[in-house]
Amino acid sequence: MLHLRVIAPVDRSTEVVDLLSAEAGVTHLAVLPDAARQPPGDLILCDVVRESADRVLRELRRIGVDTSGGIAADDVELTISAAADRAAQEAPGSGADAVVWDEIAAKTGEQTELSGTYLVLIVVATMIAGIGVLLDQPILIVGAMVVGPEFGPLAALCVALLRRQLGAIGRSVQALVVGFLAAMVATVLSTWALTAAGLVSREMLLAERPLTDFIWRPDALSWVVGLLAGVAGMLSLTSKKSGSLVGVLISVTTVPAAANVAVAAAYGAWDEAGGSALQLVINLCAIVLAGLLTLVVQQVWWWDLARRSRRPATG
């Protein structure tokens, strides 16, 4: 359930209240006349079940509340109310499957920013993975996968492609390209530094590495794993099952592949660098493709549910 705080101009307040009152998924409706000061207007509070939230937000934007007033939403962790139970029963669909598109767009939009934190995390993750491939240590590889922040821009790219937002698409691609390039350059430099210090050597790269050689030897299963990870990752994002996202991060070899590209390039092992680069491209493309298809299926499913319930379509 979401808690909505709506500031509506006085001349639109009645329309907003009527809209919310007519929605089966809305409950705990309260109106504080002339309580808002910036922007001025009436403050309208309500709770809305997740399966109705997208439709409610869509209708509020349709009547211009977002431009003449304001809309804010927060997750409600606990609700003890018979009225809330009735709202959940009357609203079509399941709250666990509900997609609030404005929430997803806002969440993923933050991931398109090429911030210092994002760059540090992806650089650190790639450097850890670089040491992991030299030592043939899966534990370091898994740790690097968890630290890597690359799924954020990938998810943002999927949402932007679905909503045809060219600006967000460009920012997502920029974050991915710049992030991975910076990470690989830093890993090349760190590999040279560690070699000069006598901590690693080219022989470690060329030795048999049975536990991590999958990173630079892509096959058909690389596509399968990438596609499955894309589906699971997008579902974890849209359904707020954040625990599942950790498993997704561990299942794909984006950061380890980028690290192996850098380490192999540092030592001039170009065949291995090429294989790792292919693995990286396969995983990135598979995740984006599967994530986009997952969003399309969810959108079509909710459209169909709205049609069968004789309500306006969402998405």
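Helices (H or I, at least four residues) and strands (E, at least two) are taken here as DSSP runs, numbered from the N terminus. With that in hand, welcome to this predicted model, a chain that has 14 helices and four strands. Of its 315 residues, 48% are buried. Here is a quick tour, from the whole chain down to single residues.

**The chain as a whole**
- Take the contacts between residues at least 6 apart in sequence: 80% of them join residues at least 24 apart.
- The accessible surface of the chain amounts to about 14,600 Å², and carbon and sulfur atoms account for 64% of that area.

**The sheet and the helix across it**
- The four strands form an open sheet in the order 2-3-1-4, and their pairing is antiparallel.
- Strand 2 (26–37) and strand 4 (70–75) are the edge strands, each pairing on one side only.
- From one strand to the next, the twist averages 15°.
- Strand 1 (residues 2–8) pairs with strand 4 in the antiparallel sense, over six bridges.

- V173, V177, V178 and L181 make a nonpolar surface patch of about 300 Å².
- One of these residues, L181, is found in helix 9 (residues 166–196).

**Backbone details to check**
- Q38 and P39 are joined by a cis peptide bond, with omega at about -5°.
- P39 lies in the loop between strand 2 and strand 3.
- H28 is not a glycine, yet this residue has a positive phi of about 55°.
- The relative accessible area of H28 is 34%, so H28 counts as partly exposed, given that the partly exposed range runs between the buried limit of under 20% and the exposed limit of over 50%.
- D136 is another residue other than glycine with a positive phi, near 55°.
- D136 lies in the loop between helix 6 (116–135) and helix 7 (138–147).
- With a relative accessible area of 13%, D136 is buried, because buried means under 20%.

Key: Residues numbered from 1 in each chain as written. Predicted model: local features only at pLDDT ≥ 70, side-chain atom pairs only at ≥ 80, totals over all residues. Heavy atoms only, no water. Pairing = 2+ DSSP bridges. Axes fitted to C-alpha atoms, helices over the stretch in contact; angles between N-to-C directions. Patch = residues over 30% accessible without salt bridge, like charges linked within 9 Å, V, L, I, M, F, W, Y side chains within 5 Å. Areas by Shrake-Rupley, 256 points an atom, 1.4 Å probe, with all protein chains shown as cover. Salt bridge = Lys/Arg side-chain N within 4 Å of Asp/Glu carboxyl O. Buried < 20%, exposed > 50% of the residue type's maximum accessible area, 1.4 Å probe, protein only. Contact = heavy atoms within 4.5 Å.
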